[in-house]
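I opened my notebook for an afternoon of looking things up. Come along and follow my entries one by one.

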Amino acid sequence: MAEKILVVEDEPAIVTMLKYNLEKEGYEVLVAEDGEKAVAVAEEECPALILLDWMLPKMTGIEVCRHIRHKSQYTNIPIIMLTARGEEADRVRGLQLGADDYITKPFSLPELNARIKAVLRRAGPVDDKGTLDFEDIHMDFTAHKVWRGDREVSLGPTEFRLLRYLMSKPKQVFSREELLRSVWGASIHVELRTVDVHIRRLRKALNEGGEADLLRTVRAAGYSLDTEPGDSDDEDDDF
Ligand code: CA
């Protein structure tokens with residue numbers, strides 16, 4: 001399961017270099033040459049991280065950053081800015097707007113790779129062992145298995161992807177629209193209620209051994225993995 005990195009850069013030579021390097025590091029690389037495309041690709045693919053050049057055609061990096069942080073459904077995608085030397089004011093502005101880190105051109109690849117790993121780690125992705133844990137739920141992506149304590153949980157492929165997405169950011173509430181786009185993909189047309197159906201299946205499989213319900217339903221907002229009780233006595237689709 002390669003994590004997707006969106007490279008937003010209009011200089012072909014830098015794009016080629018970044019793509020080569022990031023693919024070698026095991027990431028799947030998406031490219032946008034301008035700011036408008038960056039926003040569109042980010043919303044369609046929900047990448048694990050965005051490498052964002054500051055000087056772009058159409059929309060500047062600042063505008064892309066502001067859009068992602070304030071207007072997009074995916075407000076918390078980590079963003080690393082790529083800025084030119086001397087653009088101190090831009091860096092400050094970018095960090096104020098919610099960029100996670102910045103790197104100054106020209107940069108070394110080991111430095112870039114280290115920054116990416118640090119930002120992804122903070123965002124809570126799959127660790128180096130290829131596993132994710134929340135409370136007594138353990139996901140192993142190498143073996144493609146899920147455990148609840150000592151009990152192996154059998155999940156269908158959609159429930160597996162759904163759980164992975166929720167596990168990547170525990171306690172964050174995801175709307176059904178976001179789950180649909182991120183787990184099913186924007187290109188597939190399915191009804192919003194499909195999300196509820198799969199959440200119900202996931203909940204059933206996770207709690208089959210009588211464990212505590214960690215799938216929280218938040219009315220009018222969506223779903224999250226949480227130890228706090230949700231609005232559960234109601235139907236899952238009651239929002
Ligand atoms: Ca540029």
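**Entry 1: two helices**

At roughly what angle do the axes of α7 and α8 cross, and within what distance do they come? I found that they cross at roughly 80° and come within 9 Å. Angles from 65 to 115 degrees count as roughly perpendicular, so α7 is roughly perpendicular to α8. I note here that I am working with a predicted model.

Next I listed who makes the contact. From α7 come Arg176, Glu177, Leu179, Leu180 and Trp184. From α8 come Leu192, Arg193, Thr194, Val195, Asp196 and His198. Sorting the residues of this contact gave me 5 nonpolar, 2 polar and 4 charged.

Leaving aside neighbours within four places in sequence, Leu179 is in contact with Leu162, Tyr165, Leu166, Phe174, Trp184, Val195 and Tyr223. Trp184 and Val195 were already on my list for the contact of α7 with α8.

**Entry 2: the whole protein**

I stepped back for an overview. The protein has 8 helices and 11 strands. Of its 239 residues, 47% count as buried. I also looked at contacts between residues at least 6 apart in sequence: 56% of them join residues at least 24 apart.

**Entry 3: the nonpolar cores**

A reminder to myself: in soluble globular proteins, nonpolar side chains tend to be buried together.

Which residues have the most contacts inside the largest nonpolar core? I wrote down Ile137, Met139, Leu163, Leu166, Met167, Leu179 and Leu225, in a core of 28 residues. At least two core residues come from each of β6 (131-134), β7 (137-140), α6 (157-168), α7 (176-184), α8 (192-207) and β11 (222-225). Helix α6 gives the most, with 6 residues. There is also a second, separate core of 22 residues, which includes Val8, Leu30, Ala32 and Cys65.

I picked Leu163, which sits in helix α6. Is Leu163 buried or exposed? Its relative accessible area is 0%, and buried means under 20%, so Leu163 is buried. Apart from neighbours within four places in sequence, Leu163 is in contact with Ile137, Met139, Val146, Leu155, Leu202, Leu206 and Leu225. Met139 is 24 residues from Leu163 along the chain, and their C-alpha atoms are separated by 8.8 Å.

Cys65 counts as buried because its relative accessibility is 0%. Again leaving aside neighbours within four places, I found Cys65 in contact with Leu52, Trp54, Ile79, Gly94, Leu97, Gly98 and Ala99. Cys65 and Leu52 are 13 residues apart in sequence, and 8.2 Å apart from C-alpha to C-alpha.

**Entry 4: the calcium ion**

Which protein donors does the calcium ion have? I found Asp10 (OD), Asp53 (OD) and Met55 (O), lying 2.1 to 2.4 Å from the ion. Their spacing in sequence reads D-x42-D-x1-M. Asp10 and Met55 link distant parts of the chain, being 45 residues apart. Asp10 lies in the loop between β1 (4-8) and α1 (12-24), and Met55 in the loop between β3 (49-53) and α3 (61-70).

Asp10 counts as partly exposed because its relative accessibility is 30%. Met55, at 54%, counts as exposed.

Technical notes:
Residues are numbered from 1 along each chain as its sequence is written. This is a predicted model: local features need pLDDT of at least 70, side-chain atom pairs count only at pLDDT 80 or more; totals for chains, interfaces and linings use all residues. Side-chain values use heavy atoms; hydrogens and water are left out. Donors are N, O and S atoms within 2.8 Å of the metal (3.2 Å for Na, K and Ca); water is not among the atoms, so sites may look incomplete. Helices (H or I, at least four residues) and strands (E, at least two) are DSSP runs, numbered from the N terminus. Buried means under 20% relative accessible area, exposed over 50%, partly exposed in between (1.4 Å probe, protein chains only). A nonpolar core is a set of buried Ala, Val, Leu, Ile, Met, Phe, Trp, Tyr and Cys residues joined through side-chain atoms within 4.5 Å. Contact means heavy atoms within 4.5 Å. Axes are lines fitted to C-alpha atoms, for helices over the stretch in contact, and angles run from 0 to 180 degrees between N-to-C directions. Angles under 35 degrees count as roughly parallel, over 145 as roughly antiparallel, 65 to 115 as roughly perpendicular and the rest as oblique. Ala, Val, Leu, Ile, Met, Phe, Trp, Tyr, Cys and Pro count as nonpolar, Asp, Glu, Lys and Arg as charged, and the others, Gly among them, as polar.
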